[in-house]
Amino acid sequence: MSVQRYGLIALGLAAVALPAAVVASSQSAAPVGLKPVAAFATISDPAVRSAAIFTEMGKVLTHPRCINCHPRTDSPLQGDDMRFHMPPVERGPGGMGIAGMECSTCHGPRNVAFADGKGSIPGHPLWHLAPKSMAWEGKSLREICEQLKDRKRNGGKTLAQIHEHNASDTLVGWGWNPGPGRTPAPGTQAEFGALTKAWIDSGAKCPA
C-alpha cells in the first residue's frame with residue numbers, strides 16, 4: 001500500500017477516533033499546582049533540597065503533556081491516558097514524521113478548537129517528538145534526571161541551556177496551553193523554570 005493511501009486511511013480513522021478521544025481527556029482531573037522554590041528553603045542540606053526540588057519538577061516531567069512527546073517507541077502517545085496515537089504515525093527524520101505523514105499534516109502552528117468547543121487539535125510551529133535519547137516513558141524520576149544532565153543524551157545542552165529550555169521554549173510552554181480537551185501541565189512554565197534554576201543552583205542532584 002502506498003504511503004499516500006495509507007495516510008488517507010489513517011487520517012480517516014483519526015476523524016472518527018479523535019473527537020471521542022478528546023472528550024475522554026476532557027473528563028480527566030483538574031490540573032494541580034507546583035510548590036514554589038521558597039517551599040524548599042527549610043531543607044538545610046543542599047543535596048537533599050536539590051533532589052526534593054527535582055521531585056517537584058517531576059510533576060511536570062511525568063505529566064501526559066510531556067510524556068506523550070517523550071515516548072520510548074518511535075510513535076507518540078496522546079490524551080491524558082497516554083494511549084497509542086491515532087492515526088498511527090512514526091518518528092521519521094528529526095522526530096517530525098515520515099514522508100506523507102509528517103506531524104504538520106494534522107498539527108498546524110496553533111491549537112484548533114472543535115466547533116462544539118469540546119476539544120481541539122493541538123498545534124505549534126515546531127510540533128515534533130523529542131529525540132529518542134530523551135525517552136521518558138516508563139522511567140523513574142532518577143532516570144529522567146540523569147538523562148537531563150547527560151550531554152550525550154540531551155542534545156548537548158549544558159545545565160544553563162536546560163534551564164533556558166524549560167523556562168522559555170515555546171513548545172515546552174504548549175504544555176500549559178494545550179487547548180480544550182486536555183489537562184494542562186501542573187503550575188506554570190515560569191514556576192517550572194524557577195524550580196529548574198533552583199535545582200541547578202543547589203547542585204542538580206537526582207532523587208533516589
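I first looked up where H2 meets H4: Phe54, Thr55, Gly58 and Leu61 in H2 meet Leu141, Ile144, Cys145 and Leu148 in H4, contact being heavy atoms within 4.5 Å. Helices here are DSSP runs (H or I, at least four residues), numbered from the N terminus. By class, this contact of H2 with H4 has six nonpolar, two polar and no charged residues.

I note that the model is predicted, with local features needing pLDDT of at least 70, side-chain atom pairs counting only at pLDDT 80 or more, and totals for chains, interfaces and linings using all residues. Residues are numbered from 1 along each chain, and side-chain values use heavy atoms, without hydrogens and water.

I next looked up the axes, which are lines fitted to C-alpha atoms over the stretch in contact. Those of H2 and H4 come within 10 Å and cross at roughly 90°. H2 is therefore roughly perpendicular to H4, a term covering 65 to 115 degrees.

I then turned to the largest nonpolar core, which has 25 residues; such a core joins buried residues (under 20% relative accessible area) through side-chain atoms within 4.5 Å. Phe54, Met57, Leu61, Trp136 and Trp199 touch the most other members. Helices H2 (46-61), H3 (64-67), H4 (141-149) and H7 (189-201) each supply at least two of its residues.

Arg65 counts as buried because its relative accessibility is 7%. Its side chain joins that of Asp80 through a polar contact of 2.7 Å (N or O atoms within 3.5 Å, one able to donate a hydrogen and the other to accept it).

Methods:
Buried < 20%, exposed > 50% of the residue type's maximum accessible area, 1.4 Å probe, protein only. Axes fitted to C-alpha atoms, helices over the stretch in contact; angles between N-to-C directions. Parallel < 35°, antiparallel > 145°, perpendicular 65-115°, else oblique. Nonpolar A, V, L, I, M, F, W, Y, C, P; charged D, E, K, R; others polar.
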